[in-house]
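Hello,

Here is the structure that I said I would pass on. My notes on it follow below.

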Amino acid sequence: MIELKNVSLSFGEHPVLHDISLLLSEHRIAVIGANGSGKSSFARLLNGLAVPSAGTVSVDGHDTRKNGKDVRARVGFVFQNPDNQIVFPVVEEDLAFGMKNLGLDKATIASRTTEILKRYDMEHLREHPAHLLSGGQKQLLAISGVLVMNPAYVVLDEPTTLLDLRNKRRVTRALNALDQTLIHVTHDLDQIADYDRVIVIDEGRVVCDDAPSKAIPFYQELMA
Ligand SMILES: Nc1ncnc2c1ncn2[C@@H]1O[C@H](COP(=O)(O)OP(=O)(O)OP(=O)(O)O)[C@@H](O)[C@H]1O
């Protein structure tokens with residue numbers, strides 16, 4: 001479970017999130033809100049990419065401020081722009097990177113690489129230069145690079161905004177098939193209609209936290 005207790009976040013003098021307390025344990029959780037409302041900042045708190053200015057964030061009891069390594073082993077983070085995430089020149093090297101950091105042996109790395117490439121129909125791209133992939137393939141590679149590490153939680157910050165309809169559907173299907181707890185920052189309300197929980201953030205505050213049937217109309221009204 002991810003727990004936020006009285007969490008506030010400021011950048012210098014600029015407050016971005018205000019006194020948020022939440023328990024996150026459902027299978028599919030969406031985070032929605034206007035541009036600049038604080039969604040990415042919220043997401044970045046969940047795996048220790050950002051630490052709170054006040055309050056605590058903990059993942060299965062590990063404080064993100066004190067136990068960053070344990071937290072990052074549990075919480076995978078998929079950035080909006082896959083170019084921020086893909087660091088190695090060849091697809092299989094990029095997939096291996098995170099697993100090497102976890103200390104996995106060569107045979108496990110090779111078998112997980114094969115498995116994930118098969119899962120997303122990308123086996124033929126194993127030795128492909130990563131920078132020559134299409135936007136959708138890059139996004140799938142970025143997601144794959146997180147999933148091969150088998151995190152208990154996957155946080156996604158608008159992972160489909162760059163994609164055409166086919167790749168968006170493909171990524172959406174891939175995400176819907178995951179066993180992990182998913183915390184998904186998105187502007188795409190169609191994608192989250194069957195989620196377990198939707199958190200609406202406005203000006204750095206949680207203003208609605210409910211089922212999609214309640215939270216989505218609330219947000220639409222807020223934006224009207
Ligand atoms: N590293 C930073 N330094 C200073 N201010 C920041 C930083 N990151 C975000 N902010 C500010 O925090 C506020 C919230 O930004 P954030 O990216 O969390 O919003 P968002 O809801 O994800 O927006 P969008 O939907 O446009 O992606 C904005 O005013 C932004 O300018």
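Helix 3 (residues 91-101) and helix 4 (residues 106-119) pack with their axes 10 Å apart, at an angle of about 130°. Axes here are lines fitted to C-alpha atoms, for helices over the stretch in contact, and angles run from 0 to 180 degrees between N-to-C directions. Helices (H or I, at least four residues) and strands (E, at least two) are DSSP runs, numbered from the N terminus. Helix 3 and helix 4 are therefore oblique to each other; angles under 35 degrees count as roughly parallel, over 145 as roughly antiparallel, 65 to 115 as roughly perpendicular and the rest as oblique. On the helix 3 side the contact (C-beta atoms, placed from the backbone, within 7 Å) is made by Glu92, Leu95, Ala96, Met99 and Lys100. Helix 4 brings Ile109, Arg112, Thr113 and Ile116.

The model is predicted: local features need pLDDT of at least 70, side-chain atom pairs count only at pLDDT 80 or more, and totals for chains, interfaces and linings use all residues. Residues are numbered from 1 along each chain as its sequence is written.

Six strands form an open sheet with mixed pairing, in the order 6-7-8-3-9-10. Two strands pair if DSSP finds at least two bridges between them. At the edges are strand 6 (75-78) and strand 10 (205-210), each pairing on one side only. From one strand to the next, the twist averages 15°. Strand 6 pairs with strand 7 (residues 153-157) in the parallel sense, over four bridges. In this pair, Phe77 stands opposite Val155 of strand 7.

Regards

Definitions and conventions: Two residues are in contact if their C-beta atoms, placed from the backbone, lie within 7 Å.
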